[in-house]
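This report looks at how the copies in an assembly are related and at what their contact is made of. The sequence and structure come first, and the description follows.

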Number of protein chains: 4
Amino acid sequence: MTPEWPFLSLGAGPGEVSNRTLRDHMRPVVGHYDPMFIAIFERTIELLQRVYETRHDVVVLQGETVLGMEAAAASLFAPGDVVLNLVSGIFGKWFEGFITRAGAQTLEVGVPYNEAIDPEDVRRALRAHPGVKFLSVVHAETPSGTVNPVRDICAVAREFDVITIVDTALGLGGEPLHVDEWGIDLAVAGPQKCLGGVPGLALLAISPGAWAAMERRAHPFRRSYLSLLDWRDTWAARRAFPHTPSVSLVYALESVLAQVLEVGLERHIARHRAVAHACRAGVSALGLKLWPARDAIASSAVTTVRTPDGLDAGALLARMRERYGVGVAGGYGELAGTTFRLGHMGRSAHPAALGAMLAVLERSLADLGRPVAFGAGVGAAMATLATWE
Amino acid sequence: MTPEWPFLSLGAGPGEVSNRTLRDHMRPVVGHYDPMFIAIFERTIELLQRVYETRHDVVVLQGETVLGMEAAAASLFAPGDVVLNLVSGIFGKWFEGFITRAGAQTLEVGVPYNEAIDPEDVRRALRAHPGVKFLSVVHAETPSGTVNPVRDICAVAREFDVITIVDTALGLGGEPLHVDEWGIDLAVAGPQKCLGGVPGLALLAISPGAWAAMERRAHPFRRSYLSLLDWRDTWAARRAFPHTPSVSLVYALESVLAQVLEVGLERHIARHRAVAHACRAGVSALGLKLWPARDAIASSAVTTVRTPDGLDAGALLARMRERYGVGVAGGYGELAGTTFRLGHMGRSAHPAALGAMLAVLERSLADLGRPVAFGAGVGAAMATLATWE
Amino acid sequence: MTPEWPFLSLGAGPGEVSNRTLRDHMRPVVGHYDPMFIAIFERTIELLQRVYETRHDVVVLQGETVLGMEAAAASLFAPGDVVLNLVSGIFGKWFEGFITRAGAQTLEVGVPYNEAIDPEDVRRALRAHPGVKFLSVVHAETPSGTVNPVRDICAVAREFDVITIVDTALGLGGEPLHVDEWGIDLAVAGPQKCLGGVPGLALLAISPGAWAAMERRAHPFRRSYLSLLDWRDTWAARRAFPHTPSVSLVYALESVLAQVLEVGLERHIARHRAVAHACRAGVSALGLKLWPARDAIASSAVTTVRTPDGLDAGALLARMRERYGVGVAGGYGELAGTTFRLGHMGRSAHPAALGAMLAVLERSLADLGRPVAFGAGVGAAMATLATWE
Amino acid sequence: MTPEWPFLSLGAGPGEVSNRTLRDHMRPVVGHYDPMFIAIFERTIELLQRVYETRHDVVVLQGETVLGMEAAAASLFAPGDVVLNLVSGIFGKWFEGFITRAGAQTLEVGVPYNEAIDPEDVRRALRAHPGVKFLSVVHAETPSGTVNPVRDICAVAREFDVITIVDTALGLGGEPLHVDEWGIDLAVAGPQKCLGGVPGLALLAISPGAWAAMERRAHPFRRSYLSLLDWRDTWAARRAFPHTPSVSLVYALESVLAQVLEVGLERHIARHRAVAHACRAGVSALGLKLWPARDAIASSAVTTVRTPDGLDAGALLARMRERYGVGVAGGYGELAGTTFRLGHMGRSAHPAALGAMLAVLERSLADLGRPVAFGAGVGAAMATLATWE
């Protein structure tokens with residue numbers, strides 16, 4: 001069968017959103033200067049500050065997460081600047097292009113894409129290169145399903161007065177993150193991963209130090225879709241917008257932020273951790289190998305699995321979706337084919353979704369001729385969930 | 001945790017509806033004489049005829065399924081009439097009240113509530129009581145999760161020129177049903193079971209013979225919310241309504257009928273059968289006992305399970321829902337406490353929903369101290385689904 | 001053009017609902033014993049008590065308003081009872097059928113259908129007929145757009161210890177109504193008129209005296225879709241339901257009750273009054289005649305207009321809807337053809353809706369060849385709205 | 001009163017969307033590589049080609065319309081290029097910043113902001129400056145409510161082999177536009193104006209000549225949120241995305257494109273023209289002055305009105321919205337205060353919306369102490385609509 005939609009969409013994001021999110025998403029579309037919209041935008045900003053755990057500014061850009069990363073680079077970096085770019089996966093490497101485009105110079109510290117950055121390597125690099133002004137790092141790599149020790153990395157950066165830029169697209173809401181406490185200067189995320197929201201916005205937390213760096217430039221970056229200062233000059237200064245915001249996406253964002261805070265941020269993250277742990281237990285019990293080198297660096301939002309020899313990952317995913325209604329994600333970029341990804345984020349960081357996903361994974365593996373002990377994966381996963389709440 | 005809503009609502013109906021159903025449900029609320037509403041009502045009637053497999057009239061009453069059963073009794077039965085009421089469960093017994101209220105007399109053929117009616121018993125009763133004018137039977141008993149052989153029963157009834165009334169609330173869309181071919185005179189169902197819809201309407205198929213019986217009465221039953229002739233005199237005669245229809249419920253009904261027919265009625269029913277079969281395999285593998293006496297009479301929409309000794313069914317259901325987000329149903333009426341019910345109907349007649357439900361059932365049984373071989377239930381269920389489509 | 005839907009649906013109800021109502025209407029469809037649904041149902045009951053201004057029981061039946069009137073008759077009246085039925089319009093006359101069906105006897109006090117009942121006539125009738133046990137009256141007649149003085153009528157009834165039944169389908173939320181203060185024993189309304197909601201439920205307020213009358217009967221009326229005692233024995237007694245409630249309609253009802261109370265019931269009613277007043281001013285300025293005999297008895301929710309000589313009301317309505325997107329209502333029953341109706345209820349009791357409706361009415365009258373001073377109607381209407389809020 | 005939302009949102013866009021748009025907007029959020037999303041994206045592209053009347057490529061960027069303009073500049077212009085920028089309003093002038101940022105040089109032909117560009121001035125400028133490679137023009141200025149003769153301007157540009165960039169944010173769907181026939185190289189619009197959609201996307205039509213110009217550059221512009229070539233290399237080449245698309249906004253876009261084409265593009269535009277004409281008649285009849293210098297250049301989507309002496313435009317708008325529920329727009333940028341704007345676009349290009357808006361405008365003017373002949377504005381407007389369909 002080819003169903004109209006998958007029964008559950010459990011990929012690398014976006015995916016399942018709650019009924020409440022959909023309802024809030026469809027609030028009346030009004031002009032962006034209508035007082036109701038202004039009030040909701042203000043509330044969204046406040047909620048986002050709470051989720052980012054920052055007293056400083058947050059900015060909501062009207063485009064996908066990557067717009068936030070490019071805007072950060074364009075707004076911060078000037079020709080001649082040196083940026084220490086930490087690369088543990090595809091999105092870390094991707095950022096190099098934005099550094100270059102801004103006319104700055106990249107210094108890279110890298111590890112294999114199934115590993116995480118060692119903060120000691122960061123210290124060594126910063127010691128060896130005293131001219132470094134910025135450090136960029138991906139909190140959690142969506143293709144690899146791995147997490148970098150952002151807390152420790154930022155602590156090192158602060159020793160050297162280096163401004164930190166953190167891509168936490170897959171981290172916010174799924175991994176612990178304390179922007180002010182950890183001294184992160186600029187964080188970027190999106191609504192469509194662990195917040196369980198609708199894609200199309202970039203969510204930034206910006207420290208006073210980052211603003212100062214933008215303004216210190218010989219030619220501060222203004223009058224562009226990529227300009228962060230434009231937002232400061234309009235929204236922050238006088239509740240205006242540099243261009244039309246995505247009205248309905250703001251509605252949905254406000255909704256998911258409120259939902260996360262009602263559950264409690266810590267508990268929301270704990271749920272992600274518990275389900276991810278269970279997912280890895282289930283996958284391993286099926287004899288499949290995880291992509292991350294160590295359990296300690298595995299993402300709470302995405303489990304990246306190595307495609308076993310002799311299996312066509314595309315055929316597996318098609319089988320899961322078309323016959324059993326569960327959509328998961330293939331590998332991305334260099335990891336395409338050799339990996340596939342099981343998502344458990346936002347609303348889907350849930351035992352019921354996990355049970356469905358693993359049951360369907362087992363059934364589909366069997367359909368494709370792999371030897372499967374039916375129930376082994378789901379059983380191992382559920383067995384770990386005694387303390388879920 | 002007490003989630004705002006269960007992740008999946010898998011009880012005895014109503015339950016999970018598709019996104020498309022919700023969207024169609026929220027079409028603009030207009031006056032019921034607006035041409036758009038009239039057009040949608042007309043289309044609904046045509047679709048319902050196709051789902052009932054009848055060329056004769058169908059009527060949509062503005063209330064729950066049981067309104068349809070009471071309306072049938074009130075419209076058909078006159079004082080002095082004898083009705084053969086077949087009782088294999090709670091809802092069969094319930095109908096006796098409507099027979100009595102209409103002033104008619106009940107003749108009962110019954111079996112234990114975990115069994116099904118034997119058509120030979122019907123033949124014997126009709127032979128012994130030549131004055132019987134009507135026969136009433138429940139197609140599938142929602143409390144018991146059992147199915148009666150309606151085809152054979154109606155064949156017997158036709159031998160004796162007895163008018164048949166079939167409560168197919170749990171049957172329509174989940175069990176084979178061919179109204180004209182089987183010679184059913186009056187069938188009653190609702191949108192919220194195997195059609196996967198929204199509750200609040202009663203769906204009736206009415207044969208010319210049934211209409212004639214209503215009109216033959218000394219005082220035909222008119223000018224009441226329970227009157228079927230009122231609908232014939234208004235809608236069928238001149239596209240008017242005897243009272244305001246439930247506009248948005250008609251929208252949702254039209255939607256689910258169309259969805260079922262797009263999949264194909266036969267295939268829709270086959271899916272119910274496959275998932276129900278898998279569910280029973282899973283439940284049995286967990287060492288639980290099924291309520292129906294034999295597999296052959298088990299419902300495709302609800303699996304009724306005997307509560308094992310020493311288990312508090314209420315505590316189990318609360319655990320499943322509150323901690324793991326899956327809502328299933330307790331036992332009903334006389335079966336409360338001693339049974340509980342797993343639903344797989346409409347959108348939820350699906351392997352992914354079944355995987356989630358059984359995984360959560362296992363986990364919850366273990367939480368309550370029952371010995372559980374994790375994965376045994378889900379595994380056994382999924383193993384049967386090789387031919388699902 | 002034949003638009004998919006009218007731009008505005010401004011008939012005699014149902015019609016325009018707010019975006020918030022639609023959103024709440026589409027909350028997840030769950031089993032009716034799910035704790036979330038139970039909680040919402042409980043809250044709905046409390047809100048309804050506040051809107052009815054009663055400390056006593058309210059009951060929500062799962063069918064259109066008229067079900068509530070028939071249920072009241074079936075539950076209250078026994079053979080031999082005499083019911084004083086006040087008739088000032090079509091729905092008042094309609095109730096006679098329910099009195100008769102219940103085996104009771106009707107005593108009628110009537111006036112022409114463009115008039116209102118005089119409480120003195122009620123007093124005279126009750127004096128002349130000391131055996132009368134019940135009095136029934138329609139608060140506001142939807143076909144006529146007229147209002148009866150329910151407060152004074154009920155005061156008279158109390159002098160004679162007569163139990164009062166009030167059909168306030170068009171009154172609740174649009175006309176002042178204080179159930180306890182006025183001593184109404186049984187009131188019936190629906191969500192789809194002045195509450196601005198979705199049709200399919202009947203909303204009843206029931207006094208201890210009315211319950212007592214139901215129970216005093218030799219054979220209290222139970223085990224029927226029409227039985228009010230069934231609801232008392234299940235919902236009121238143990239938070240259960242006699243049959244499946246219309247889950248999504250309860251959601252929508254809870255929503256509109258909350259919305260009305262947030263605005264404030266008095267203010268909500270004042271808005272209806274102001275817009276109705278403006279509507280009548282506009283209609284009169286166009287040279288059209290109002291159906292009600294006097295302004296003092298005109299409904300705040302529906303303005304019934306006499307079709308001028310030589311005009312085809314059906315053609316006018318088709319023109320308004322198909323060309324200019326505004327749906328209004330034709331005359332009903334005996335008033336079909338000779339009248340048409342302009343609705344201003346719930347969300348549509350609003351100056352903007354009124355402006356649109358009258359502008360389109362003018363344009364359409366002109367299209368049909370009537371002499372029209374463009375702007376006269378809208379202008380006269382808006383001129384009255386200086387104190388709207 | 002301060003209503004939760006305006007009854008009608010009739011500003012300069014975004015504003016009222018249809019129920020169908022909202023429903024389609026809330027289709028399930030799935031991963032962007034889910035086959036259903038891919039299918040909808042493909043269909044969206046095809047529909048957009050039909051609305052743009054082009055056989056060539058269209059690109060949907062994930063951000064507001066202005067992103068499309070900046071992307072066009074960044075993708076097309078190289079240092080040393082000369083761009084003839086036609087300036088008849090604020091958005092025309094705005095584009096100069098993008099030209100400069102791209103390192104190109106601006107040559108301006110300007111007129112007062114209540115006027116339109118004369119194609120002969122364009123010819124003169126191009127003759128005088130043979131090195132011009134690009135020409136940029138705003139089709140319809142949203143602040144001014146004026147329209148430029150894009151057809152004739154593009155005809156002149158083709159004489160000189162100049163590549164044309166047209167900002168048709170307010171034009172597409174409201175003014176005639178034939179991309180291929182008129183020889184437009186790059187057009188940019190959004191869903192939230194005359195298409196009646198939801199903001200957050202930029203819709204581009206790109207000619208082979210424009211693509212060639214992008215690729216001819218010494219350093220073609222790639223690997224940026226602003227890069228058009230990135231979309232060509234991914235979506236056009238292999239049905240992939242350079243970053244996550246705004247899933248739900250694409251759903252809404254597909255919906256409004258389909259709705260416009262079902263009505264018929266020509267008829268959709270004719271409705272805008274008729275309602276705009278009526279709006280101007282109404283405004284003038286109230287003694288207000290229009291901002292555009294001549295009727296022939298007035299926009300079909302927005303009527304910009306000069307604020308009369310002694311009136312506080314902000315107070316007027318607040319009155320209209322807060323007391324009478326109609327949201328219109330203030331003046332923008334340099335035109336703030338001295339003008340305000342009445343919108344009639346997309347779903348709101350409708351006589352009923354116009355009637356409501358003008359009725360409320362009259363009432364509000366009177367409330368603020370302006371002398372108003374009630375009905376004069378609405379009446380004059382409706383009088384013009386005899387041929388509306």
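Predicted model: local features only at pLDDT ≥ 70, side-chain atom pairs only at ≥ 80, totals over all residues.

## Symmetry and contact of the chains

A second pair of chains can be described in a like manner. Chain C is superposed on chain B by a rotation of 180 degrees with 0.0 Å of shift along its axis, and the RMSD is 0.0 Å. These two copies are therefore related as by a two-fold rotation axis. Within chain C, the C-alpha nearest that axis is the one of C:Gly63, 2.5 Å away from it.

| Superposition | Rotation | Shift along the axis | RMSD |
|---|---|---|---|
| chain C on chain B | 180 degrees | 0.0 Å | 0.0 Å |

Through which surface do the copies meet? For chain C, 98% of the interface residues are also interface residues in chain B, so these copies meet through the same surface. For chain D, 100% of the interface residues are also interface residues in chain A, so here too the copies meet through the same surface.

The contact between chain D and chain A takes 51 residues from chain D and 51 residues from chain A. The area buried between these two chains is about 4200 Å², and carbon and sulfur atoms give 63% of it. Two salt bridges are counted between chain D and chain A; D:Asp34 forms a salt bridge with A:Arg321, in which the closest N and O atoms are 2.7 Å apart. The count of residue pairs in polar contact between chain D and chain A, with both residues at pLDDT 80 or more, is 19.

On the side of chain D that touches chain A, at least two residues each are supplied by helix H1 (19-25), helix H2 (35-52), helix H3 (65-76), helix H4 (90-101) and helix H10 (247-263) of chain D. H10(D) gives the most to this side, with four residues. Sorted by class, the side of chain D that touches chain A has 26 nonpolar, 15 polar and 10 charged residues.

Key:
Residues numbered from 1 in each chain as written. Chains lettered and ligands numbered in written order. Heavy atoms only, no water. Least-squares fit on C-alpha atoms with pLDDT ≥ 70 in both. Contact = heavy atoms within 4.5 Å. Buried area = accessible area lost by both parts, 1.4 Å probe. Salt bridge = Lys/Arg side-chain N within 4 Å of Asp/Glu carboxyl O. Polar contact = N/O pair within 3.5 Å; in protein donor to acceptor, adjacent residues only side chain to side chain. Nonpolar A, V, L, I, M, F, W, Y, C, P; charged D, E, K, R; others polar.
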